[in-house]
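Here is a walk through one structure, written for someone who likes the cut-offs spelled out. Have a look at it first, and then we'll go through it piece by piece.

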Amino acid sequence: MSILITNIGELVTNDPEADDLLGIIESAALVVDGAKVAWVGSAADAPAADQQVDAGGRAVLPGFVDSHSHLVFAGDRAAEFAARMAGESYAAGGIRTTVAATRQATDEQLTAHVARLVLEMRRQGTTTVEIKSGYGLTVKDEARSLAVARQFTEETTYLGAHVVPDGDPDEYVALVTGPMLEAAAPHARWIDAFCETGAFDADQARTVLTAGAAAGLSPRLHANQLGPGPGVRLAAELGLTAVDHCTYLSDDDVHALRESGTIATLLPGVEFSTRQPYPDARALLDAGVAVALASDCNPGSSFTSSMPLCIALAVREMRMTAAEAVHAATAMGAAALDRDDVGSLLAGKRADLVVLDAPTHVHLAYRPGVPLVTQTWIEGHPATVP
Ligand SMILES: [Zn+2]
């Protein structure tokens, strides 16, 4: 069955052939056929379809592609956040608190919690989400975290190398690259590591990613979040699709990213929630580095599921234009997941789209905190439940 969505005030296509970054068509229409986009263009030229929907002059965008989240967890760390905001040092266990609660939770409890967060994301326009493990940190708990995530997305990432839960770091890396990898690999597409002082150094991260690649997983990396370090250069050297955080970068890091074509995925919800300096998105873009935006939704450092918030922060705090921020949250999010079927609205692409109660994409940054997403369509259907 085909559906014509017409009277679209502004259609963001992300057509790479267009003169403008977002490939905007004004007074537009779009035809959905089954799960895919069949046609886009001027409303005046639209072909007939089985059904017709009037967008009432609203803006229509590709659904957001959130390429970085940690949704599989249990427990609550609101007290830690409140203490941090009050300027108090907080002595509780941080990530280890979440690990303990996650290990105790049943599969059903974890599944219900992910379902709630995915629904929250859909209501805010996210149509593709990557979900990491990383709060189990045992063979059994990493494997079941990924099995839970797989019920919601193909974009699952094994993050056994999140922190060393206890004991000797080298022994833990041997576990992560041995029995834990074997148990996790059937449920994962990607492998990730947290390359940072206090987590894993460059050699350990390299060992983890190399083992994952040998097991058929695609590597990605958390790097340069808390301070300068070797992670971003490692990502560039390994030719990774994306490296995430990129808050503390040297000129050499920026140069390496540009040369390798590795996407810098910026996660401004983290800096917002931890009161840290934001990454220099403007310098990256001006240097010709590809930039994506994602939520990093997690209970410790960024418990937001909102891509519109990330867009608003990118514009207000990181000096991206509204068009750059929307592009980074859609087309570049898709590129950061090596996907070409989502992130744009062109014939043949998946009909994953967002209808804003606003005339243009600029309103996502201009009206922060306002629930502008009125409809989210996934594969040609309005999607309100996971
Ligand atoms: Zn993360």
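## Ground rules

Two residues are in contact if their C-beta atoms, placed from the backbone, lie within 7 Å. Helices (H or I, at least four residues) and strands (E, at least two) are DSSP runs, numbered from the N terminus.

This is a predicted model, with local features needing pLDDT of at least 70 and side-chain atom pairs counted only at pLDDT 80 or more, while totals for chains, interfaces and linings use all residues. Residues are numbered from 1 along each chain as its sequence is written.

## A helix pair: H12 and H13

Let's start with two helices. The axes of H12 (residues 307-318) and H13 (residues 322-329) come within 9 Å and cross at roughly 140 degrees. Axes here are lines fitted to C-alpha atoms, for helices over the stretch in contact, and angles run from 0 to 180 degrees between N-to-C directions. The crossing of H12 and H13 is right-handed; a crossing gets that label if the near helix is turned clockwise from the far one by less than a right angle, and left-handed if anticlockwise.

Which residues in H12 meet H13? On the H12 side they are Met307, Cys310, Ile311, Ala314 and Val315, and they meet Ala322, Ala325, Val326, Ala328 and Ala329 in H13. By class, that contact has ten nonpolar residues, no polar ones and no charged ones. For the classes, Ala, Val, Leu, Ile, Met, Phe, Trp, Tyr, Cys and Pro count as nonpolar, Asp, Glu, Lys and Arg as charged, and the others, Gly among them, as polar.

H13 is largely enclosed by the rest of the structure, because six of its eight residues are buried. A residue is buried if 20 or more other C-beta atoms lie within 10 Å of its own, exposed if 12 or fewer, and partly exposed in between, with C-beta atoms placed from the backbone. The buried residues of H13 are Glu324, Ala325, Val326, His327, Ala328 and Ala329.

## Ala292 and its contacts

Ala328 turns up again in the contacts of Ala292. Ala292 sits in strand S15 (residues 291-293) and is buried, with 28 other C-beta atoms within 10 Å. Leaving out residues up to four places away in sequence, Ala292 touches Ser67, Ala242, Ile263, Thr265, Ala328, Met332, Gly333, Ala335 and Ala336. The C-alpha atoms of Ala292 and Val65 are separated by 9.4 Å, although these residues are 227 residues apart along the chain.

## Two positive phi values

Most residues other than glycine have a negative phi. Leu137 is not a glycine, yet has a positive phi of about 60 degrees; Arg275 is not a glycine either, and its phi is positive, at about 60 degrees.

Leu137 or Arg275: which is buried and which is exposed? Leu137, in the loop between strand S8 (131-132) and helix H4 (139-150), is buried, with 26 other C-beta atoms within 10 Å. Arg275, in the loop between helix H10 (268-274) and helix H11 (281-286), counts as exposed, with 9 C-beta neighbours inside 10 Å.

Ser145 lies in H4 and is buried, with 35 other C-beta atoms within 10 Å. Not counting residues up to four places away in sequence, Ser145 touches Val72, Ser133, Tyr135 and Gly136.

The buried residues of H5 (residues 169-177) are Tyr172, Val173, Val176 and Thr177. Seen down the axis of H5, these fall within an arc of 130 degrees, so they line one face of the helix; the arc is that of the directions from the helix axis to the C-beta atoms. What covers them includes strand S9 (156-161), helix H6 (179-184) and helix H7 (202-214).

Leu240 is in the loop between helix H8 (231-237) and strand S13 (242-245), and is buried, with 23 other C-beta atoms within 10 Å. Beyond residues up to four places away in sequence, Leu240 touches Pro219, Arg220, Leu221, Ala235 and Thr262.

## The two domains

The protein chain is divided into domain 1 (2-62 + 344-382) and domain 2 (64-336), with bounds that come from an automatic or database domain assignment. Their C-alpha centres lie 29 Å apart.

How many residues of domain 1 are in contact with domain 2? There are 18, in contact with 19 residues of domain 2. The elements giving two or more residues to that side of domain 1 are strand S5 (59-62), helix H15 (363-366) and strand S17 (373-378), and S17 gives the most, with three residues. By class, the side of domain 1 that touches domain 2 has 13 nonpolar, four polar and one charged residues.
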